[in-house]
Amino acid sequence: MEVAKDLAKKQAKKVALGIFLKFILPFLLVAGLVFGIIFLLLAVMGGTMEHKGGLDGGEAVNLSQEVLAHKPTVEKYAAEYGVEEYVGVILALMMQESGGKGDDPMQASESLCGSVGCITDPEVSIEQGVKYFSQVIESAKGDVKLALQSYNFGGGFIDFVMDNGGSYTQDLAIEFSSMKYEELKHTGIYSCVRPEAIPFGACYGDIYYVDAVLKYYDYTIAVDGEFALPVSGGNMTSDYGWRSDPHTGERSMHKGIDFGCVNHVTPIYAAEGGTVEYAQFHTNSNGSPGYGNLVMIKHGEGLITAYAHMSSLSVNEGDTVKKGQKVGVCGSTGSSTGPHLHLETKSGLWDGHMDPSTIIDFGAGEL
């Protein structure tokens, strides 16, 4: 009797094992393969989306015919040196350097031979310029703004940044330029390329080189729809770009656009939904008046809007806000000559400024 039970158990186990091997195991293997493929696809898609959200996800704009004529050559060497995704950035860089004119349109002589004027062939210039850019973008670990400033300053700036936080900021560019100018001014070969750099003693290279290049590069083209006006009525009083500073009268870069509004009355709205990255009273690092009551909202990888000089704030850091949600009230706090909203769009909290009018829908009317 016991023998019969043992045989029955063994037979049952054998049948169960057969069912598992024939039906269940293949199902588990197929399911594992399917889920593995789905996970891989999601990872690739996620990486692609993040990749397209950065500076290499846009395109060069407002280029001269001379720069456009060099585009095939830039593409050729970008492919050779493995920086195809940065063709637009390189074209913008060329536009800033020379407008595409001359025998050295990339102004690459110094990186090739250590002195100006040794390149007399545009193709040699482009090859060397692209090669050098590929080197600095690798050393900068993909930080495009750091790579651009290093193209102007030289590779030593990358080492300086890596020792001071690891990512590009305007303040670090000013500090490095001032340090290098103090070290080399006795040579007499350096002078301030911009008057606004003189007060900093930052006359080594161009401390505003990144912003200058990015005037020719639009990385907001992937924005899904236009952003709404942050102020009802949308009375713009000052646009983006170079202007006479209202405080000093000197020529300076206005990094946003201004809207007229009524102090302590007019509500300020989020131009688009996102996460509040900054919401507090801002003062410059040297103690001088800054943006005053300031809110900055992140709308995805590489795009932030900032709302400055408000009389009061209606959100806190970490809040998720919707398009059209009130973030504060019109004011004149910080460095301001009167009640207004100063609106900025940029890729980083303190850098990567771009013209807000490229994404704001001025025909949207009141929120």
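**Helix packing exercises**

Buried residues make up 45% of the 367 residues in the chain. The model is predicted. The chain has 10 helices and 15 strands.

**Exercise 1.** Describe how α4 and α7 pack: at what angle do their axes cross, and with which hand?

*Solution.*
- Two packed helices are described by the angle and the distance between their axes.
- Locate the helices: α4 covers residues 87-97, and α7 covers residues 144-153.
- Take the distance: the two axes come within 12 Å.
- Take the angle: the axes cross at roughly 35°.
- Assign the hand: the crossing is right-handed.

**Exercise 2.** Find which residues of α4 and α7 meet, then sort the contact by residue class.

*Solution.*
- From α4 come V89, L93 and E97.
- They meet V144, L148 and Y151 of α7.
- Sorting the contact residues gives 5 nonpolar, no polar and 1 charged.
- Look at the spacing: residues three or four places apart point the same way, because an α-helix has 3.6 residues a turn.

**Exercise 3.** Work along α6: how far does the helix reach, which residues are buried, and what lies at each end?

*Solution.*
- Helix α6 spans residues 122-139, with 18 residues.
- From first C-alpha to last, α6 reaches 26 Å, close to the 26 Å expected at 1.5 Å a residue.
- The buried residues of α6 include I126, V130, F133 and I137.
- The buried residues of α6 pack against α3, α4, α5, α7 and α8.
- At the start of α6, a side-chain oxygen of D121 comes to within 2.9 Å of the backbone nitrogen of E123.
- Just after α6, K141 has a positive phi of about 55°.

Notes:
Residues numbered from 1 in each chain as written. Predicted model: local features only at pLDDT ≥ 70, side-chain atom pairs only at ≥ 80, totals over all residues. Heavy atoms only, no water. Axes fitted to C-alpha atoms, helices over the stretch in contact; angles between N-to-C directions. Helix = DSSP H or I, 4+ residues; strand = E, 2+ residues; numbered from the N terminus. Left-handed = near helix turned anticlockwise from the far one by under 90°. Contact = heavy atoms within 4.5 Å. Nonpolar A, V, L, I, M, F, W, Y, C, P; charged D, E, K, R; others polar. Expected span 1.5 Å × (residues − 1). Buried < 20%, exposed > 50% of the residue type's maximum accessible area, 1.4 Å probe, protein only. Polar contact = N/O pair within 3.5 Å; in protein donor to acceptor, adjacent residues only side chain to side chain.
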